[in-house]
Amino acid sequence: MADVRAQLVTRVRGMLSEALGATRNRLTAAEAELAAGRERLARTRRAAAAVPGRVGTARDRRLAEIDARHTARLAELARRAAAAAQRESPGAASAPWDRWTVTPAGRAEPPGAVRIGTVRITGAEPVPALVPLLDAGHAHLAGGDRDGLAAVVPALLLRSVGRADPGAVRLHGYDPEHLGGGLAGFAPLGTAGLLTFVGPGGLGRLLDDLVEQIRRINATVLAGEYASLRELAAATGRRPEPWRVAVLLGGDELSRHERGQLDRVVRTGAACGVHLVVRGIDLPDDPTVTRIVVDPDDARIAGLPVVLDAPPPPTLVTETCRTVASRVAAGPPPTPFTDLLPPPDDYWREDSAHGLTAPIGEGPHGRPVLLTLGDYPPHALIGGPSGTGKTNLIFAWIGALAARYSPAELEFYLLDFKEGVSFARFAQGRRDPSWLPHMRLVGINVNTDREFGLALLRFLAEELRRRADAAKKHEVTKLAELRAVDPSGHWPRIVAVVDEFQALLAGRDVVAREAADLLEDLARRGRSQGIHLVLASQDVRGIEALWGRPALVAQFTLRIALPKALRILAERNDAAQSLPRHHAVVNAESGLAEGNEVARIPSASDWETWSELQHRLWRMRPQDAAPARLFDGDAIPRLAEAPDFRALTAPEQGAPRSPVALLGEIIDVQSRSAALRLPRAPGRNLAVLGTRVDEACAVLDAAARSLARQYPPGAARFSIACLDPDADPAARALYEDLAGDASWYDEETVAELMAEVGDGLGAPGTPRTPHFLLLYAVDAAAGALAGKAGARTGLEQLRRILHDGPERRTHVLAWWRGVARMRADLGGAGARTDQIGAWVALDVQGGELGSSLYPGSGGPDWYPRPWRGLYFDRAVHRTGQVIIPYGPSR
């Protein structure tokens, strides 16, 4: 039992020991697990304690990243906004005042906004604060800071004026409180018509005018093709209208009509370039209105706070406006001459049967302005002061016509009464052998030769008669009809241009009266026969000379007025007064305002521009084309070059029945010579009267050489007696050139000549050999004659020769140094002068010639001038002919 007990005790003790060991193990494990749990708890607590710091650090880092990205984004947006603002308002639209300049002409900035301040952005560069104005909208100013508001207006206006081409912005001021004082710095613009003011009570008229401008632009400029002028300019590259900015600075309460007109301008003006800058007057809400509020401590644009720029310095405003005004006064550069010409393949393709049409320049809308000469309008008046481009306009018109119409369709006759040779290029010259094929006559430097203008009118009158006779023969009335029934005839349209035409009509002499009568007849009847007159003048006196003849003036329905031209347009049409340079008002309605068209005239008068066209047309000329007749009033013609002299020849047998002495060149269209026929008839002698030695010698020299050309050697006798030492060189040269046909006499031998010839006249029969006595300063022979046979006998021999010689082929061509001296040699004041059948008066007044030498009373209407003479032949002339003595033959 004991063993069993012992065994049980042992087993129990073993089991208890095992249980105790297991318990202890479990306890140890529990304690270890507890320690681990406590460690985990501690770690958890430590981790939990560290979480807020980590989260805060991450949050702060994330917030810092977000802030940095925001700042960078804001800076980028500010940079882009500044760049956009710079693109929208470059140069003068936004430059600081200390570096501000007007945009150079021809490089105008595109329309848009202008800067008046900056928007401050923290952490970024300031962004320009812009106000959209030109082609964009209107500006309305309000607020309590009057000085601030007063600074905004000149900034808006100066930047707008400075960014555009000169003259492209026009200001209209309404300042009833200060009567324009608010815009005083812009006053220089008024001299160029770029600034106008309306006084108190004038707001309604100003708004009415703006509304009318908007209506006109919509109807005639945009014409449904474009939504705005900005769109038109972008599509065509041209802006046909200026910007009009109305500056309204306060005033009384608007009337209902004024309010309605103002609202219309707000709604429709921006598209038509009409804008408002308004202070003190309410504007309706509209997307085009930018509202600027300036209070003492705050300024806002469309609700956005801004810092306003300082106002522009007053001197900058004034100097800028002066610069712009001077550029406008100088005018824009002319367009290229080639703009007037058709493509070369289309040259000479037009038909002139019904009229002449060609562009003269570019109109405000970029379209060509056309000039027409035909049944209506038939004739043109061109006017403008010196330096306004009258000659250039004539060149442009001639070039445009000459490129379109061939010489068979059009002929030109040009006459320039002012001193100058600009028209000479149309004729053949030494430097350039080409000429304009259409040109038939060019007269230059004719300011003292009014007779040449009269000769042109006589020529045209004769051509008019010829055409009228042809029309009557074919039973038609107009040129187009005549050309249709007579296609083989030569019936081009004729354009006669007379520059400074008032010189032709100056005074009350015979030339002026006949010229006016011919002008009136040509103007009245020329239209139907294709003869067109273009009269030009730089002096108002030229127009006044016509104004006394309303029937004449009425025919000139085409009027072209250059800047500042007077009396060209109708009385109340002052459109020419505000024209810039290189522009003209073209009016085909007799100058009435409704006919006005403004044309920008190209530059056509410089040599290089014109030469290219002329050479091209010259190379196209017909084979039988002849150069134009060039009459230069300053040039002295040469006998050897005279067509009439070259046509003289000696007959193969015998002698001419009626030899011709050429005395000089007639001032006429055909370049004819003044010819004195010397048949066997009483009185066929010539007297040259005056004291000018060279001219007297030239007349006698030409007469002798032309006579000698008609005779074979030895068939005529020339006796040359020179009694003036100053004439000796010219007389000697003639004597030497006539060689064996001439005899020489001087003061010692002239009496022998008189006696020989006088006694020979008493011989029976008629001499077969003609004898020509060339007496130089014959009035000096009295003393020499007295020394030989007595003065009475010597002078009697001279008188006998003059009286009886022509019928016996003996003719006297003598020079007397005065009319009184000639009368004395002929027998005194009461002596007959019919033995002097022809005379050339040089420096002799018309009154000296008297009724015995010239028909009528008082003598011819003649005033002496250098190298001109008055030629009268009793057997041929009703009135005297002005001639130009031929120059020395050597």
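Figure 1. Strand E1 (residues 113–119) is joined to E2 by six bridges in the antiparallel sense; two strands count as paired if DSSP finds at least two bridges between them. Helices (H or I, at least four residues) and strands (E, at least two) are DSSP runs, numbered from the N terminus. The model is predicted: local features need pLDDT of at least 70, side-chain atom pairs count only at pLDDT 80 or more, and totals for chains, interfaces and linings use all residues. Residues are numbered from 1 along each chain as its sequence is written, and side-chain values use heavy atoms, with hydrogens and water left out. Arg115 has Leu130 of E2 as its bridge partner. The three strands make an open antiparallel sheet in the order E2-E1-E11. Strand E2 (127–132) and strand E11 (307–308) are at the edges with a single partner strand each, so one side of each has no neighbour in the sheet. Helix H2 (residues 146–163) lies across E1, E2 and E11 and runs at about 135° to E1. Axes are lines fitted to C-alpha atoms, for helices over the stretch in contact, and angles run from 0 to 180 degrees between N-to-C directions; contact means heavy atoms within 4.5 Å.

**Figure 2. Strand E4 and its parallel partners.** Five of the six residues of strand E4 (residues 169–174) are buried, so the strand is largely enclosed by the rest of the structure. Buried means under 20% relative accessible area, exposed over 50%, and partly exposed in between (1.4 Å probe, protein chains only). E4 pairs with strand E6 (residues 243–249) in the parallel sense over six bridges, and Leu171 stands opposite Val245 in E6. Strand E5 (residues 195–198) also runs parallel to E4, joined to E4 by four bridges; here His172 stands opposite Thr196.

**Figure 3. Strand E15, covered on both faces.** Seven of the seven residues of E15 are buried. Leu410, Phe412, Leu414 and Asp416 lie on one side, with Glu411, Tyr413 and Leu415 on the other. E15 is joined to strand E17 (residues 493–499) by seven bridges, and the two run parallel; Leu415 stands opposite Val498 in E17. With E16, E15 pairs in the parallel sense over four bridges, and Tyr413 stands opposite Leu441.

Figure 4. The whole structure holds 16 aromatic pairs. Rings of Phe, Tyr and Trp (its six-membered ring) pair if their centres lie within 6.5 Å; planes under 30 degrees apart count as stacked, over 60 as edge-to-face and the rest as tilted. Trp435 and Trp618 have ring centres 5.9 Å apart and planes at 65°, so the pair is edge-to-face. Trp435 is in the loop between strand E15 (410–416) and strand E16 (439–444), Trp618 is in helix H14 (residues 607–619), and the two are 183 residues apart. Both Trp435 and Trp618 are buried. For Tyr735 and Trp744 the ring centres are 5.7 Å apart and the planes at 55°, so this pair is tilted. Tyr735 is partly exposed at 27% relative accessibility, whereas Trp744 is buried at 17%. One aromatic cluster consists of Phe337, Phe395, Phe423, Phe426 and Trp610. Lys418 lies over the face of Phe423, 5.8 Å from the ring centre. The charged end of Arg865 sits over the ring of Tyr863, at 4.8 Å from its centre. A charge sits over a ring if NZ of Lys or CZ of Arg is within 6 Å of the ring centre and within 35 degrees of the ring normal.

Figure 5. The open sheet has mixed pairing and the order E24-E23-E32-E31-E30-E25-E29-E28-E26-E27. Strand E24 (673–677) and strand E27 (742–745) stand at the edges, each with a single partner strand, so one side of each lacks a neighbour in the sheet. On average, neighbouring strands of this sheet are turned by 25° against each other, direction ignored. Strand E23 (residues 660–666) pairs with E24 in the antiparallel sense over five bridges, and Ala661 has Leu676 of E24 as its bridge partner. Helix H18 (residues 750–760) lies across strand E26 (717–722), E27, strand E28 (771–776) and strand E29 (810–816), at about 150° to E28.

**Figure 6. Nonpolar cores.** The largest nonpolar core has 79 residues, of which Leu689, Leu775, Trp816 and Trp839 touch the most other members. Another core lies apart from it and has 51 residues, among them Leu373, Leu562, Ala584 and Ile601. A nonpolar core is a set of buried Ala, Val, Leu, Ile, Met, Phe, Trp, Tyr and Cys residues joined through side-chain atoms within 4.5 Å. Leaving aside neighbours within four places in sequence, the contacts of Leu689 include Trp816, Val819, Met822, Trp839 and Leu853.
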